[in-house]
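I opened this model to look up its salt bridges and the surroundings of its ligand. My entries follow in the order I made them.

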Amino acid sequence: MAAQQNEGAWNKDGRGLSIWDTFSRRKGKIKGNAKPSIACDFYHRYKDDLLLVKALGFKVFRFSISWPRILPEGTGKVNKEGIAFYNKVIDECLKLDIIPFVTLYHWDLPHALEKEGGWTNYRMLQWFSRYTTICAENFGDRVKNWIVLNEPMGFTSLGYMLGKHAPGKTGMKNFFPAIHNAILAQAEGGRILRSVVNKAFIGTSFSCSEVIPYSLKPEDVKAANRIDILMNRLFIEPALGMGYPNADFAFLQKMEFANKGWKYMERMSFDFDFIGLQNYFPTVIKHNPIIPVIQASEVKAAARKVPHTDMGWELNADSFYRIIKSFWEYDKVKNILITESGAFFKDELKDGIVNDEKRIDYFQQYIKAMHRAKKEGVNINGYFAWTLMDNFEWAEGYHAKFGLIHVDPETQLRTIKNSGYWFRDLLNGK
Ligand code: NOJ
């Protein structure tokens, strides 16, 4: 789970504002003008929620730390109460024999830093290093498993190019530097964790999507290749020490040019212990000259009349298997974890029961596909279901529900869905 999607308590105990607090105040940015202010109130209910994690049989709990709870101004003074909160969550996990698996950055940048340009500012490297050091020093004695960034392509493209996510910025002039600064912060975060945390297991997580050309026409194939670079290669290749993807793509050349004057190109890579993959759908692409720069557009699952979730995302476990295999082909990837996998289907809560058969079917197929990849030699050792509870799904507000546990946003009542019970049985070997 992610702090911004679950914790709520947006102004409690010294927490500073995040870019999602401010972005959600702008009319029309979030469906139903929903706000993350209360969310699932995990801040106050973490003990009960961790009991649910335990009851469902999970041995590992992934959660993220809220930067503005630790450093309300992004930099400067540390908020002791923020540190105390995560100490309590970590200790509670350990008490229940649950391994805490911590993400440093899951999209909730302190608003104070956004006022200085956020991810577009080259000082991000410095800001993020300080934040990472504080987390490593305070939690590293008990937290050994770390994810540096959650989906850098997600927050840079949606937040700094398309304006659909916080902070709502658009255009290449924001996107290019945000990419570069995220890549640098990712590697530096790894180095800091390595030096501070004894016996750390360090990774970072990437969104990925198998990209399929709509037809075999050369222009569709080329368009698909451009999107593949953006969706799958742009962040991992520099992290693995391969530099920016080397391709005949004017967009990338412009970016390299724009970033040439930038500092620390040599610091883009780090020897990650694992790579986290987060895959939700394959993407079918066709050439579209009207679209600026990328000249490509997606042919949605509904238009192709293939099975899809209520998010409109194609259901395709074979594609999940293929994308795992394709990331395994990078020589320097040693270990893969699926750090997110899940689906939004409209649930119905009736007489205290949520019979979410489609979600169960999803997990069955996707876990099977992962095992198939493992049997064929991929070193893949973990699968995180996304996600524990229905929560604040970014620009979708509260209507898109991915949880194994239904949460009523008004009453905060939790109801374990049948998919949750299904996991419990699976994990208990039934
Ligand atoms: C990726 C994000 O990391 C997560 O926060 C989000 O809820 C899921 N995708 C589903 O959209």
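The model is a predicted one. I began with Asp347 and Arg359, whose side chains form a salt bridge with an N to O distance of 3.0 Å. Asp347 sits in the loop between β9 (336-341) and β10 (349-350) and Arg359 in helix α15, so this pair ties together parts twelve residues apart in sequence. I looked up the cover on Arg359: its relative accessibility is 0%, under the 20% cut-off, so Arg359 counts as buried. The pair belongs to a network of salt bridges that links Asp347, Asp356, Arg359, Asp390 and Lys417. For the structure I noted 27 salt bridges.

Entry two, another pair. Glu376 and Lys325 meet through their side chains in a salt bridge of 2.5 Å, N to O. Glu376 is in the loop between α15 (357-375) and β12 (380-385) and Lys325 in helix α14 (residues 317-328), so parts 51 residues apart in sequence are tied together. Glu376 is partly exposed at 41% relative accessibility, and Lys325 is also partly exposed, at 25%.

Entry three, the ligand. I listed 13 residues around the ligand, of which Gln5, Asn150, Glu340, Glu393 and Trp394 come nearest. By class, this shell holds six nonpolar, four polar and three charged residues. I then checked polar atoms. A polar side-chain atom of Glu340 is 2.6 Å from a ligand oxygen. For Trp386, an N or O atom of the side chain lies 2.9 Å from an oxygen atom of the ligand. The protein buries 95% of the 300 Å² that the ligand exposes when taken alone.

Terms used
Residues are numbered from 1 along each chain as its sequence is written. This is a predicted model: local features need pLDDT of at least 70, side-chain atom pairs count only at pLDDT 80 or more; totals for chains, interfaces and linings use all residues. Side-chain values use heavy atoms; hydrogens and water are left out. A residue is near a molecule or strand if one of its heavy atoms lies within 4 Å of it. A polar contact is a pair of N or O atoms within 3.5 Å; within protein, one must be able to donate a hydrogen and the other to accept it, and residues adjacent in sequence count only if both atoms are side-chain atoms. Accessible areas come from the Shrake-Rupley method with a 1.4 Å probe; for residues, only the protein chains shown count as cover. Ala, Val, Leu, Ile, Met, Phe, Trp, Tyr, Cys and Pro count as nonpolar, Asp, Glu, Lys and Arg as charged, and the others, Gly among them, as polar. A salt bridge is a side-chain nitrogen of Lys or Arg within 4 Å of a carboxyl oxygen of Asp or Glu. Helices (H or I, at least four residues) and strands (E, at least two) are DSSP runs, numbered from the N terminus. Buried means under 20% relative accessible area, exposed over 50%, partly exposed in between (1.4 Å probe, protein chains only).
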